[in-house]
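Thanks for coming. I will go through side-chain contacts in one model, starting with the charged pairs.

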Amino acid sequence: MGHFILQALEPARRYEVAIRCRLQDEKGFWSDWSPSISFWSVPAAPSSLVNLWVSASLCSPKPGGNSPLLLWKPLPNEANLSYEVVFRVRGCDLPPVVLPCCQASLPRDAEWAGVLAFNPTGRTPFANLTLKCAGSAPEGVRVKSTGNQGLLVTWEPGRGGEPQEYVVEWTSDVQTPQELHWIRLQAGEHRALLNGSFPPAVPFQVVVSGIFPQGLGRSLPAQGYGQETVPSAGPALQRLQDDPGGAPVVAWEQLPFRQRGGHLISYNLYVQAGTSPPTLCIVSADTQNLTLRNLVSSGRYKLWMTATTSAGEGFPGPSLLLQLPENTVRWKVLLGCLLLPGLLLLGCGLGLAFSKRCLHICHKLPPRWLWEDTPDPFNSRAAWTEEEDVPRALPPQEPPLLEVEEMEPLTAPQPGVAGQQPLHTFGYERHFLPTPEELGLYSAGQVDCTQVTMQPGEEEVQDDGERGPEETAGTEKCENLLALGEKGEINTGPEMTGVSQSLEGSPPRLLSSPL
């Protein structure tokens, strides 16, 4: 049986072999080809390290989320490889496990993991990864779209300084954890261009991690879009409890990343009163509630909201109807300002009245002697008898005192002198003293007309010497008196003389006034 040794075969290649023959002297024709057989050449021993990583849920697990996975990439240009995985839990290495490519479930409390690839020809060194979350996370991760070229990611090192290397990972919301993508970068590099398929309006979550000897430091996730579009919908509004001033408060939730279409720049709130044109209010993209203080009371309003990205304003969300009652805050304030002073005055008045009333009642109810400084013996009942009380007589009152003035006795004038020396009066004698004619001091033929007293109300003689009507009347009275004396009608007999004599011998006394 003949044989042939195939040489210079490439490793891990599939080959197909067929045989034909002819006579030894090289005469004649070749025979037909035999049925072919195929085989693989011996693969080469793997030489590169396995690139392994863990899913993002390792350091930030979510309730009800997937369990963290250990992932690795297949070695390039290598086939028919097997992988040996080793875990260290609480300081002890678990028995190695041979698995196919390219994932393994992490046991609980795993601290370290190692993976190597092997084939019949050879095996690779262990690629190990620390699974503790104890490193310094990078800060300020930003994702920017570069069009068809991919996503540009930039960041800054954390407070712990530069790690041994960086790992940038990204995935979309529609991808599974097994479809996680990542690249490794050397220390000192703070930017990376992510190549791949980035459909428009599909959000991608980007995380930058630093690998330290003591553990991993993972940054907060950042969102990126390969190509931004307008938002497909707006936020749904809901009304909250009004603020203390009575102004309505509305709130909304952040748009899901699938509806954003890009990085949100702002929210646009539209307020329409009745059929009037709507009013636009631009709100920051980080705000989730707003107090409407400029709405007029007793109005019906319609509200809706849109979102804006770099591509433009999106579609509106569900509308919200507001029916505001009449604003009674001002009336309440006014009534409070008016009622407060009134209540204070009413309270003061009631306090004063009640205090006086109480004092009055307190004086009325107990006996009177209880409140007197010096008790009155009359209030005592010790000397009372069963007889009826007789009204007491009033004490005698003293008569009023009269003042008496001494007067000089009047002397009867001589007949010859009476006509020459008239009796002078001062005016008040006419009201209190009798006239000389009444006393009989003048005879009928000796009446002095100039001394006739004027009745009250008569006027004095005028300064120019002319007589007034009253003076003329007085003169007439004198003339009449003289005529009556001549006729003997005026009594000048002994009665008047007796009066004169009695006045001379009597002591002075006060004459009663005719009034």
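**Side-chain contacts in a predicted model**

Across the whole structure, the search returns nine salt bridges; the term stands for a side-chain nitrogen of Lys or Arg within 4 Å of a carboxyl oxygen of Asp or Glu. Before the details, the conditions: this is a predicted model, where local features need pLDDT of at least 70 and side-chain atom pairs count only at pLDDT 80 or more, while totals for chains, interfaces and linings use all residues. Residues are numbered from 1 along each chain as its sequence is written, and side-chain values use heavy atoms, with hydrogens and water left out.

As background, side chains of opposite charge can pair when their charged atoms come close. I will take three of these bridges.

One of them joins Glu 10 to Arg 13, at 2.7 Å from N to O. For exposure I use relative accessible area, with buried under 20%, exposed over 50% and partly exposed in between, for a 1.4 Å probe and protein chains only. Glu 10 is partly exposed because its relative accessibility is 41%. Arg 13, at 45%, is likewise partly exposed.

Then there is Arg 123 with Glu 84, bridged at 3.5 Å, N to O. This pair links distant parts of the chain, 39 residues apart: Arg 123 is in the loop between β9 (110–118) and β10 (127–130), and Glu 84 is in strand β5 (residues 82–89). Strands here are DSSP runs of E with at least two residues, helices are runs of H or I with at least four, and both are numbered from the N terminus. Is Glu 84 buried or exposed? Its relative accessibility is 14%, so Glu 84 counts as buried.

Asp 93 is partly exposed at 45%, and Arg 88 is partly exposed at 30%.

Arg 88 has another contact. Its charged end sits over the ring of Trp 112, 4.7 Å from the ring centre. The criterion is NZ of Lys or CZ of Arg within 6 Å of the ring centre and within 35 degrees of the ring normal.

Now ring against ring. Six aromatic pairs turn up in the whole structure. Among them, Phe 198 and Phe 204 are edge-to-face, with 4.9 Å between centres and 75 degrees between planes. A pair requires rings of Phe, Tyr or Trp (its six-membered ring) with centres within 6.5 Å; planes under 30 degrees apart are stacked, over 60 edge-to-face, and the rest tilted. Phe 198 counts as buried because its relative accessibility is 13%. Phe 204 is buried too, at 2%.

Next, sulfur. How many disulfides does a search of the whole structure find? The search finds one, a disulfide being a pair of cysteine sulfur atoms within 2.5 Å. Cys 101 and Cys 102 form it, with their sulfur atoms 1.2 Å apart. The link is right-handed, with 40 degrees about the S-S bond. Cys 101 is partly exposed because its relative accessibility is 38%.

Last, helix α2 (residues 329–364), where Leu 350 lies. Leu 350 is exposed, at 53% relative accessible area.
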